[in-house]
Amino acid sequence: MVCLGNDWDELLACEFQSEYYLRLRAFLKREYSSCTVYPDMYDIFNALKLTAYADVNVVILGQDPYYGPGQAHGLSFSVRRGVPVPPSLRNIFREIHDDVGAPIPTHGCLESWARQGVLLLNTALTVRAGQPNSHRGAGWEIFTDHVIQKLAARSRPMVFMLWGANARAKAPFLQNTPHLVLQCAHPSPLSAANGFFGCRHFSKANAFLAPYGRQIDWASPSGED
């Protein structure tokens with residue numbers, strides 16, 4: 001039984017008992033026992049554990065976890081301290097620097113963002129080592145669709161940052177809501193120049209949240225987590 005330790009437990013209780021999730025769980029059991037899968041099974045739901053439903057201010061939606069050794073730890077785009085900052089995250093830091101003037105962090109751990117209400121969610125929460133999108137279609141998309149739908153139904157406004165095709169596929173769930181939906185290319189080196197650089201999503205998010213008395217300190221990864 002999954003225990004997230006916050007209000008997500010009640011909101012997602014039916015998901016964890018549903019037929020599609022039980023099939024996904026069986027699939028994951030086979031995958032983790034037969035090959036290398038990231039992140040560690042105890043880290044799969046870290047995004048939901050660190051950012052309660054009621055606390056979400058911003059949703060940053062990624063594709064699937066990093067597929068290299070020691071990188072993924074359950075937060076989209078984040079890596080633990082001591083792990084080299086991946087190219088996509090370097091591009092995110094570059095855009096933040098250009099957008100709000102924040103210094104480039106010395107590490108890639110984004111847990112401090114999560115504690116400020118930034119839900120760092122991927123569309124699929126697991127992946128085979130060295131095989132991006134390898135768990136696509138296993139059931140995670142249904143689960144994360146339902147997470148996004150529950151957030152979309154919340155009356156308290158928040159910001160959704162949808163980067164890349166997998167994330168932007170969630171946009172239809174966010175129509176006619178009080179939330180700000182920001183879309184652009186993925187920050188990967190293959191696509192960042194096609195609209196991610198210069199998107200100014202970080203300043204736009206804070207400008208939207210300001211009237212509600214909320215702001216994200218995008219520079220916080222430079223400090224202590």
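Predicted model: local features only at pLDDT ≥ 70, side-chain atom pairs only at ≥ 80, totals over all residues.

Reader: What counts as a helix or a strand here, and how many of each does the chain have?

Author: Both are DSSP runs numbered from the N terminus: helices are H or I with at least four residues, strands are E with at least two. This chain has nine helices and six strands.

Reader: Back to Asp98, then: is this residue buried, partly exposed or exposed?

Author: Buried means under 20% relative accessible area, exposed means over 50%, and partly exposed lies in between (1.4 Å probe, protein chains only). Asp98 has 48% relative accessibility, so the label is partly exposed. Sequence distance and spatial distance are separate things, too: Asp98 and Gly198 are 100 residues apart in sequence, yet their C-alpha atoms are 7.9 Å apart in space. For another pair, take Val56 and Ser88: they are 32 residues apart along the chain, with 23 Å between their C-alpha atoms.

Reader: Where is Val56, and which residues does Val56 touch?

Author: Val56 belongs to the loop between helix 4 and strand 2. Its relative accessibility is 0%, so Val56 counts as buried. Contact means heavy atoms within 4.5 Å. Leaving out residues up to four places away in sequence, Val56 touches Thr51, Gly117, Leu119, Leu151, Arg154, Met158 and Arg214.

Reader: How do I read the nonpolar core, and which residues touch the most other members?

Author: In soluble globular proteins, nonpolar side chains tend to be buried together. A nonpolar core here is a set of buried Ala, Val, Leu, Ile, Met, Phe, Trp, Tyr and Cys residues joined through side-chain atoms within 4.5 Å. The largest one has 68 residues, and within that set Leu151 and Trp218 touch the most other members. Beyond four places away in sequence, the residues in contact with Trp218 include Val58, Ile60, Trp113 and Met161.

Reader: Met161 sits in a strand, I think. Which way do the residues of strand 5 point?

Author: Val159, Met161 and Trp163 point one way from strand 5, Phe160 and Leu162 point the other way, and all are buried. Strand 5 covers residues 159–163.

Reader: Which strands pair with strand 5, and in what sense?

Author: Two strands pair if DSSP finds at least two bridges between them. Strand 2 (residues 58–62) pairs with strand 5 in the parallel sense over four bridges, and there Val59 stands opposite Phe160. Strand 6 (residues 180–184) also pairs with strand 5 in the parallel sense, over five bridges; Val159 stands opposite Leu180 in this case.

Reader: Now charges: how many salt bridges are there?

Author: A salt bridge is a side-chain nitrogen of Lys or Arg within 4 Å of a carboxyl oxygen of Asp or Glu. The whole structure has five. One of them joins Arg80 and Asp43, with the closest N and O atoms 3.2 Å apart. That pair links distant parts of the chain, 37 residues apart. Arg80 is partly exposed at 36% relative accessible area, whereas Asp43 is buried at 13%.

Another joins Lys170 and Asp145, 2.4 Å from N to O. Here Lys170 lies in the loop between helix 8 (165–168) and strand 6, and Asp145 in helix 7 (residues 140–152). Lys170 is buried at 4% relative accessibility, while Asp145 is partly exposed at 21%.

Reader: Last one: what does the radius of gyration say about the whole chain?

Author: The radius is taken over C-alpha atoms, and the globule rule is 2.2 Å times the number of residues to the power 0.38. With 225 residues, a compact globule would come out near 17 Å, and the chain has 17 Å, so the two agree. The C-alpha trace spans about 45 × 40 × 35 Å along its principal axes. Of the 225 residues, 53% count as buried.

Methods:
Residues numbered from 1 in each chain as written. Heavy atoms only, no water.
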